[in-house]
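Please read it with the coordinates open alongside.

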Amino acid sequence: RQQNYLQTSKLHIQPQLRTSIATVSYTHLRNFGIILLFVFSQILLIGQKKARDFKVTTTDKKTVELYKDYLNQGKVVMLKIFFVDCPPCNDIAPQISELYKKYGGGKEKVEFIELSNKDWDFDAAVIGYKIKYDLPCPSVSQDGGSVEASALYSDNYFGPFFGTPTFVIIRPDGNLDFDPRGSNKNETIRLLDTSISRARCV
């Protein structure tokens, strides 16, 4: 009788166990699906964030607007957030100069804009930086509103802001690639080059 009881108990337990396992598996799968949906929705939201417009006055006293003067004209824009005494900004500047020349020096479908994020970088200091590194691209100091403009891209809205230099590649439709950053300056230049090249093809 004891043996029959055990066999009968097993028959009752096994379906219950299978039901429990199925319930747990379904719950885990459902939770995993919810997590995946959330992650994809966040990626989609990031992808929908358009570049923020700004109006600044460059060191050569030309007033420009991001959308009106560049994006709406079909140009890709690379923003560089920097400051004059920033060591890594100075270190990568010669390679940025070469990259600017590679993409037509502002005369074709790509423009670079440099924005200082320090309120002590006045026109004279930024002009000296431009001359030192042969950077004829539009550059903006505190005098021309660079601090306010750069703040639009350093508040973690588009992604974590890790300091200067930070680069933002903006396509004509306003979509952007925020801060392509490598483990060293050569890798960063390669990533910037790739991002600009892709943006031109969109």
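Predicted model: local features only at pLDDT ≥ 70, side-chain atom pairs only at ≥ 80, totals over all residues.

The structure holds seven aromatic pairs.

## Other aromatic groups and charges over rings

A single aromatic cluster is formed by Phe54, Tyr153, Tyr157, Phe158 and Phe178. Over the face of one of its members, tyrosine 157, lies arginine 52, at 4.1 Å from the ring centre. Phenylalanine 82 also has a charged residue over its ring face, namely lysine 80, at 5.2 Å from the ring centre.

## The sheet and the helices packed on it

Five strands make up an open sheet in the order β5-β4-β3-β6-β7, and their pairing is mixed. The edges are taken by β5 (139-140) and β7 (176-178), each of which has a single partner strand, so that one side of each is left without a neighbour in the sheet. Strands β6 (residues 166-170) and β7 run antiparallel and are joined by three bridges, and isoleucine 169 stands opposite aspartate 177 in β7. Helix α3 (residues 87-102) packs on this sheet, where it touches β3, β4 (110-116) and β6, and its direction makes about 160° with that of β4. Helix α6 (residues 185-201) packs on the sheet as well, touching β3, β4, β6 and β7, with a direction at about 15° to that of β6.

Strands β3 and β4 run parallel and are joined by seven bridges, with methionine 78 standing opposite phenylalanine 112 in β4. How many residues of β4 are buried? Seven of its seven residues are. In a regular strand the side chains alternate between the two faces of the sheet. Both faces of β4 are covered: Val110, Phe112, Glu114 and Ser116 are buried on one side, and Glu111, Ile113 and Leu115 are buried on the other.

## Aspartate 123

Aspartate 123 is found in helix α4 and has a relative accessible area of 10%, which means that this residue is buried. Its side chain makes a polar contact of 2.5 Å with the side chain of serine 141. Leaving aside residues up to four places away in sequence, aspartate 123 touches Thr59, Lys61, Ser141 and Asp143.

## Tyrosine 133

Tyrosine 133 lies in the loop between α4 and β5, and because its relative accessibility is 15%, this residue counts as buried. Which residues does tyrosine 133 touch, not counting those up to four places away in sequence? They are Asn90, Ala93, Pro94 and Ser97. Tyrosine 133 and serine 97 are 36 residues apart in sequence, while their C-alpha atoms are 6.9 Å apart in space. A polar contact of 3.4 Å joins the side chain of tyrosine 133 to the side chain of lysine 132.

Terms used:
Residues numbered from 1 in each chain as written. Heavy atoms only, no water. Phe/Tyr/Trp six-rings, centres within 6.5 Å; stacked < 30°, edge-to-face > 60°. Lys NZ or Arg CZ within 6 Å of the ring centre and 35° of its normal. Pairing = 2+ DSSP bridges. Helix = DSSP H or I, 4+ residues; strand = E, 2+ residues; numbered from the N terminus. Contact = heavy atoms within 4.5 Å. Axes fitted to C-alpha atoms, helices over the stretch in contact; angles between N-to-C directions. Buried < 20%, exposed > 50% of the residue type's maximum accessible area, 1.4 Å probe, protein only. Polar contact = N/O pair within 3.5 Å; in protein donor to acceptor, adjacent residues only side chain to side chain.
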